[in-house]
Amino acid sequence: MQQMMQESSRRSWLKRSIGAAGLSVFQVAGPNALFGQSGGQVIPWLDQPPPNPNPANIGNLMKWEELESWQTPANRFFYVSHFGVPAGLNASDWRVEFAGLLARPRTLTLSDIKAQESHEVDFTMECSGNTIVPGVFFQGAVGNARWGGARLAPLLESMNILDEASEVVFWGSDTGRITLRDNVGITGGGRTGTVQPDSTGGADLTITEQFARSMTLKEALSRDNLLAYQMNGEALPPEHGFPLRLIAPGWYGVANVKWLTRIEVIDRRFAGNFMARDYVSVRETQRGNNETVWTFATVGRDRLKSAAAKVTRLGGRYSIMGAAWGAPIASVEVQIDGGPWRPAILQEPAGRPARRQRDYSWRFWTFDWGTPPAGEHAIVTRAIDLEGNVQPAANDPFLTGRVTYWESNGQVLRRVLIP
Ligand SMILES: Nc1nc2c(c(=O)[nH]1)N[C@H]1C(S)=C(S)[C@@H](COP(=O)(O)O)O[C@H]1N2
Ligand SMILES: [Mo]
């Protein structure tokens with residue numbers, strides 16, 4: 001992910017966007033009943049995202065102009081696999097070990113998990129690396145699927161969680177080499193680590209680390225968390241965690257550990273690579289008299305967000321369509337060329353299930369733009385959740401205080417040229 005932003009610099013982006021502007025209107029026409037439209041010609045955004053900078057580990061990034069279905073087909077759902085897809089995934093001998101502070105720990109097969117009562121949750125998953133630079137850059141690492149599996153909480157509880165337990169670690173089977181700077185201790189590299197002197201007179205330690213993420217025990221025991229083996233009613237595809245993954249609705253993608261092999265209950269904070277070094281939001285804040293305080297927070301729960309997906313033209317009239325997610329959505333508003341905020345209409349597309357205990361899936365919305373004047377226009381949207389929280393402006397001090405790009409849920413500005 002680090003690499004993703006470096007290579008997606010503003011400058012290289014701008015070059016490409018000038019090229020894209022020359023295209024003017026292209027034809028991505030087709031029926032679009034989903035957004036309450038019978039058809040229409042899609043006007044491509046002037047600000048196109050850069051190509052996927054890391055195709056080995058990131059794929060199927062959504063093209064917003066092509067957003068058509070409320071449920072994202074599994075074979076078009078983005079994936080982020082930091083260490084690639086593990087080789088030799090096999091359902092028949094898959095085991096998930098429950099370990100640590102449990103009085104009656106067990107190791108379960110996939111059949112054991114499937115023998116539990118099955119549940120489904122519609123959950124829009126977004127990678128917290130999805131990032132905006134106002135007006136220029138937006139990534140398509142977001143999708144909505146119906147995940148199916150067994151509830152985690154009753155399984156954990158059946159193994160008698162010990163009193164001192166406070167945290168649960170979810171381990172994937174995938175591993176990668178991780179370098180810790182200046183970290184060589186008295187035992188050197190251990191059995192498998194390698195030690196490399198660095199330029200500052202210290203030494204770097206490189207070890208093989210398993211992908212892992214943790215939650216507090218209370219968070220892990222949420223009734224919504226699933227040990228999932230299904231995506232949209234089918235077995236999970238390999239790139240999405242086959243045969244078993246954690247689905248933690250309401251959390252950013254990184255918490256949803258794929259290729260799950262071990263669930264460990266511990267009595268302290270877990271500080272693995274993806275909790276404490278990567279996927280850490282760093283912010284600079286001012287306190288009192290020019291005192292600068294840096295804060296560090298691991299990426300956690302989803303944040304309220306919306307984006308325009310596309311502008312379409314039908315019979316001389318223009319519409320804007322998009323999505324809102326990250327929290328239960330109350331409304332979405334659209335601002336054009338810095339004018340007043342105006343309400344969009346929330347859609348209830350066919351195929352959307354009756355409301356369940358908590359809604360974790362995106363809402364689509366439409367906005368009747370009428371007949372805007374020819375020329376370039378800027379479109380900004382903001383979502384408002386059921387508690388009245390408003391998606392922050394891109395220049396909100398909370399967002400601009402950050403020096404990392406994680407959890408960029410600021411209002412997204414898109415540019416379009418009306419011919
Ligand atoms: N084991 C494992 N789980 C993982 C990852 C990973 O690299 N390894 N990537 C995480 C990240 S950063 C994201 S955004 C989501 C993406 O889920 P998907 O690939 O099914 O879309 O998976 C998460 N779970
Ligand atoms: Mo991610």
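A salt bridge is taken here as a side-chain nitrogen of Lys or Arg within 4 Å of a carboxyl oxygen of Asp or Glu. The model is predicted, so local features need pLDDT of at least 70 and side-chain atom pairs count only at pLDDT 80 or more, while totals for chains, interfaces and linings use all residues. Side-chain values use heavy atoms, with hydrogens and water left out, and residues are numbered from 1 along each chain as its sequence is written.

By this rule the count is 15 salt bridges.

| Pair | N to O distance |
|---|---|
| Arg 223 and Glu 157 | 3.1 Å |
| Asp 267 and Arg 268 | 3.0 Å |
| Arg 382 and Glu 333 | 2.7 Å |

The side chains of Arg 223 and Glu 157 meet in a salt bridge. This pair links distant parts of the chain, 66 residues apart: Arg 223 lies in the loop between helix 5 (217-220) and strand 11 (226-231), and Glu 157 in helix 4 (residues 152-158). Helices (H or I, at least four residues) and strands (E, at least two) are DSSP runs, numbered from the N terminus.

Arg 382 forms a salt bridge with Glu 333. Here too distant parts of the chain are linked, with Arg 382 in strand 23 (residues 375-385) and Glu 333 in strand 19 (residues 329-336), 49 residues apart.

For accessibility, buried means under 20% relative accessible area, exposed over 50%, and partly exposed in between (1.4 Å probe, protein chains only). Glu 333 is buried at 18%. Arg 223 is partly exposed at 42%, as is Glu 157 at 35%. Asp 267 is partly exposed at 36%, whereas Arg 268 is exposed at 57%.

Salt bridges also link Glu 97, Arg 262 and Glu 264 in a network.

How values were computed:
Chains are lettered from A and ligands numbered from 1 in the order in which they are written.
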